[in-house]
Amino acid sequence: EEQQRFEKIVDDIEVPLDYLREVDRIGPLLGLPLQSRLARVERQSASEGGQGTAPKRALHPDSPEFFPLLQRLDECVAFIEEHPEYKDYDDYSVKFHQLHHRGLTLVRNLVLDSMRATAESAPAALG
């Protein structure tokens, strides 16, 4: 019974951490590396253990991984907005919204670039 109680406590901690860690995973993928307090703590623990991680390259909006990334970001925004009682709510809310805005801006820029290229090539195709 005590084992089950401890497992529930671990689950209750792990679920929020899965969402909160996404700031540090998604940020670099959108070209906006934001560092959460959780990442600083985990990085400090990893450096004490001799582990390191390689930097990630930003995704292009037309890559197949981009829209699933935006969907996950939407889930993270919804999760943090449902939990304003969390200690670092303000920090995570701002960061998730910054990432969301960045992702949508990248999509907008892709669409505008595509429209510009089509408009420039249209006269040549017609003439």
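Please note that the model you see is predicted.

## The overall picture

Let's start with the whole protein. It contains five helices and zero strands, so reading along the sequence gives the pattern α-α-α-α-α. Of its 127 residues, 31% count as buried. The accessible surface comes to about 8900 Å², and 56% of that belongs to carbon and sulfur atoms.

## Inside: the nonpolar core

Now look inside. The largest nonpolar core has 22 residues, and Leu-30, Phe-66, Leu-73 and Phe-96 touch the most other members. The elements that give two or more residues to this core are α1, α2, α4 (66–81) and α5 (89–126). Helix α4 gives the most, with eight residues.

Leaving aside neighbours within four places in sequence, Leu-30 is in contact with several residues, among them Phe-66, Leu-69, Leu-73 and Leu-99. Its other partners include Ala-58, Arg-102, Gly-103 and Leu-106.

## A buried charged pair

A search of the whole structure finds six salt bridges. In general, side chains of opposite charge can pair when their charged atoms come close.

One of these bridges joins the side chains of Arg-72 and Glu-22, at 2.8 Å from N to O. Arg-72 lies in helix α4 and Glu-22 in helix α2, so the pair ties together parts that are 50 residues apart in sequence.

## Pairs within helix α5

Lys-95 pairs with Asp-91, with the closest N and O atoms 3.5 Å apart. These two residues are four apart in helix α5, which means that about one helical turn separates them. Lys-95 is buried at 10% relative accessible area, whereas Asp-91 is partly exposed at 30%.

Here is the partner of Arg-116: it forms a salt bridge with Asp-113, the closest N and O atoms being 2.9 Å apart. The two are three residues apart in helix α5, again separated by about one helical turn. Asp-113 counts as partly exposed, at 44% relative accessibility. Elsewhere, salt bridges that share partners join Glu-22, Arg-25, Arg-72 and Glu-75 into one network.

## A loop and a surface patch

His-83 is found in the loop between α4 and α5. Why does His-83 count as buried? Its relative accessibility is 17%, and buried means under 20%. The side chain of His-83 reaches the backbone oxygen of Phe-79 at 2.8 Å.

Phe-6, Ile-9 and Ile-13 make a nonpolar patch of about 270 Å². Phe-6 lies in helix α1 (residues 2–20) and is partly exposed, with a relative accessible area of 41%.

Technical notes: Residues are numbered from 1 along each chain as its sequence is written. This is a predicted model: local features need pLDDT of at least 70, side-chain atom pairs count only at pLDDT 80 or more; totals for chains, interfaces and linings use all residues. Side-chain values use heavy atoms; hydrogens and water are left out. Patches are made of residues with over 30% relative accessible area and no salt bridge: like charges are joined within 9 Å, nonpolar side chains (Val, Leu, Ile, Met, Phe, Trp, Tyr) within 5 Å. Accessible areas come from the Shrake-Rupley method with a 1.4 Å probe; for residues, only the protein chains shown count as cover. A salt bridge is a side-chain nitrogen of Lys or Arg within 4 Å of a carboxyl oxygen of Asp or Glu. Buried means under 20% relative accessible area, exposed over 50%, partly exposed in between (1.4 Å probe, protein chains only). A nonpolar core is a set of buried Ala, Val, Leu, Ile, Met, Phe, Trp, Tyr and Cys residues joined through side-chain atoms within 4.5 Å. Contact means heavy atoms within 4.5 Å. A polar contact is a pair of N or O atoms within 3.5 Å; within protein, one must be able to donate a hydrogen and the other to accept it, and residues adjacent in sequence count only if both atoms are side-chain atoms.
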